[in-house]
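Work through these exercises with the model open beside you. Try each task before reading its solution.

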Amino acid sequence: MSNFFKRLLNDSSSSDEEERNTWFAAAIEFERQNSQGTGSGDKSSRQYRYRDRVSGHSRLLNDYFVENPVYDETLFRRRFRLSRPLFLRMLHTLQQHNDYFVQRRNAANTVGLSGEQKMMAALRMLAYGMSADSLDEYIRIGETTTIECVKRFCQGVVEIFGLEYLRSPNAADISRLLRKANQRGFPGMLGNLDCMHWAWKKCPAAYHGMYTGHVHRPTIVLEAVASYDLWIWHAFFGMPGSNNDINVLDASNLFANLQEGCGPSVNYTIMGNHYNMRYYLADGIYPKWATIVQSISHPQELAHEFFAKKHESYRKDVERAFGVLQARFAIVRGPARFWHHEDLTFIMKACIILHNMIIEDERVDDNGLVAMASGNDDYDSLGTDGPVEVSRGPISFDHFMATNRAIRDSNTHYALRRDIIAHLWTLHGQGVIE
């Protein structure tokens, strides 16, 4: 209440009652006009829109989930990036993990949004990168609710499926990857290493200098390792865009298990020389480590030229993985429109998890046939021949430092690359690899 209004109520000097009532009415109108839209508790500043959520839910069921839906499995897969069985399996798991995705009634006994509506809104945002209010007309969901759905969905996906779909390769995975690497002529290779930048449109002005790098706008870096089937085995996200690939590698945990001695061992022999550490293919910016094999920028010999050709060909696996990830989920292709770094981390990890789940759901077998998931498929059901020893005991500090020096040994790097060059050239001479 303004001081003017208080003085008017306490003013007893005026003898004219009619004039005093006029001033009193004017004071009330003055207070009403000044108080409109100034507080969160002001009901006149909020507009309620009846969206008929029940009819929106019924329309979704008729379009996609009844026995004879309007849109078949192919269109469902195209629009939501997931197959319908995978969608329903994820929805059921999310509902058990968080009752936010369970349809309930509010305090006014009004039926709220269904789990299908919330999950579809989140997937549409991730798949198309569209604005939050663009989903209101079809799904019948408000802008703020859509943003909350995206955040809760991504957080739930990371919490539920992160341990399974963001894990490091286990012994069975390593055996399968090593078999494929041997077929390619790169024994001991487990994947390809590279970084990707995600533009951050809503980066706070105070952080622009820290997050702006060679792309001349704020970005966040994703370091990833991808295999031949585009599965992303390692994802380290969150470094500011001003860092290059070397800085990101120093901060990441890519070789943490190897340093701690708690990962499956990798033993292989090339040209009579024995090696016991895995390696990844990478571009020229990375350091000359024993666990990273780079190409030759200016090959002078035929063997070197053939090695560079094969190296650059196979290293495209991680580039293809980035391309498929961005094609499936346009939200990580365009500038990020969220304010908080934590939300962006959940979104990126959730997109990678969904990417790996889709690969598992629709993986291609050796005959080039697409095997749709039937619920009984197991991505780790392949053979376990090869090195499977895993060390879980504590290690000494001296052993940790010795392993760290072995990882960063440049002499082993050059020796390994020479052996791979000779091995590839031998296979090429035998007609095994063209």
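**Exercise 1. What covers the buried residues of α17?**

Start with the ground rules. This is a predicted model, where local features need pLDDT of at least 70, side-chain atom pairs count only at pLDDT 80 or more, and totals for chains, interfaces and linings use all residues. Residues are numbered from 1 along each chain as its sequence is written, and side-chain values use heavy atoms, with hydrogens and water left out.

Step 1. Place the helix. α17 spans residues 410-429. Helices (H or I, at least four residues) and strands (E, at least two) are DSSP runs, numbered from the N terminus.

Step 2. Check its length. The expected span is 1.5 Å times one less than the number of residues.

Step 3. List the buried residues. Buried means under 20% relative accessible area, exposed over 50%, partly exposed in between (1.4 Å probe, protein chains only). In α17 the buried residues include H413, L416, I420, I421, L424 and L427. Charged residues R417 and D419 are buried too.

Step 4. Name the cover. It includes α9 (171-184), β4 (268-270), β5 (273-275), β6, β7 and α13 (302-314). Contact means heavy atoms within 4.5 Å.

**Exercise 2. Which residues of α14 are buried?**

Step 1. Check the helix. α14 (residues 316-328) has 13 residues and reaches 18 Å from its first C-alpha to its last, close to the 18 Å expected.

Step 2. Pick out the buried positions. They are D317, V318, A321, F322, L325 and R328.

Step 3. Ask where they point. They cover an arc of only 140 degrees around the axis, which puts them on the same side of α14. The arc is that of the directions from the helix axis to the C-beta atoms.

**Exercise 3. How many aromatic pairs does the structure hold?**

Step 1. Set the cut-offs. Rings of Phe, Tyr and Trp (its six-membered ring) pair if their centres lie within 6.5 Å; planes under 30 degrees apart count as stacked, over 60 as edge-to-face and the rest as tilted.

Step 2. Count. The structure holds 23 aromatic pairs.

Step 3. Inspect one. F65 and F76 are edge-to-face, at 5.8 Å centre to centre and 75 degrees between the planes. F65 lies in α3 (residues 53-65) and F76 in α4 (residues 73-80), so the pair ties together parts that are 11 residues apart in sequence. Both F65 and F76 are buried.

Step 4. Inspect another. W231 and W233 form a tilted pair: 5.3 Å centre to centre, 35 degrees between the planes. Both W231 and W233 are buried.

Step 5. Look wider. Ring pairs link Y64, F65, Y71, F76, F80 and F87 into a cluster.

Step 6. A charge sits over a ring if NZ of Lys or CZ of Arg is within 6 Å of the ring centre and within 35 degrees of the ring normal. R84 lies over the face of F76, at 5.2 Å from the ring centre. R152 lies over the face of Y100, at 4.3 Å.

**Exercise 4. Is V248 buried or exposed?**

Step 1. Locate V248. It lies in α11 (residues 245-251).

Step 2. Read the accessibility. At 0%, V248 counts as buried.

Step 3. List contacts beyond four places in sequence. They are C195, V221, E223, F236, M239 and N243.
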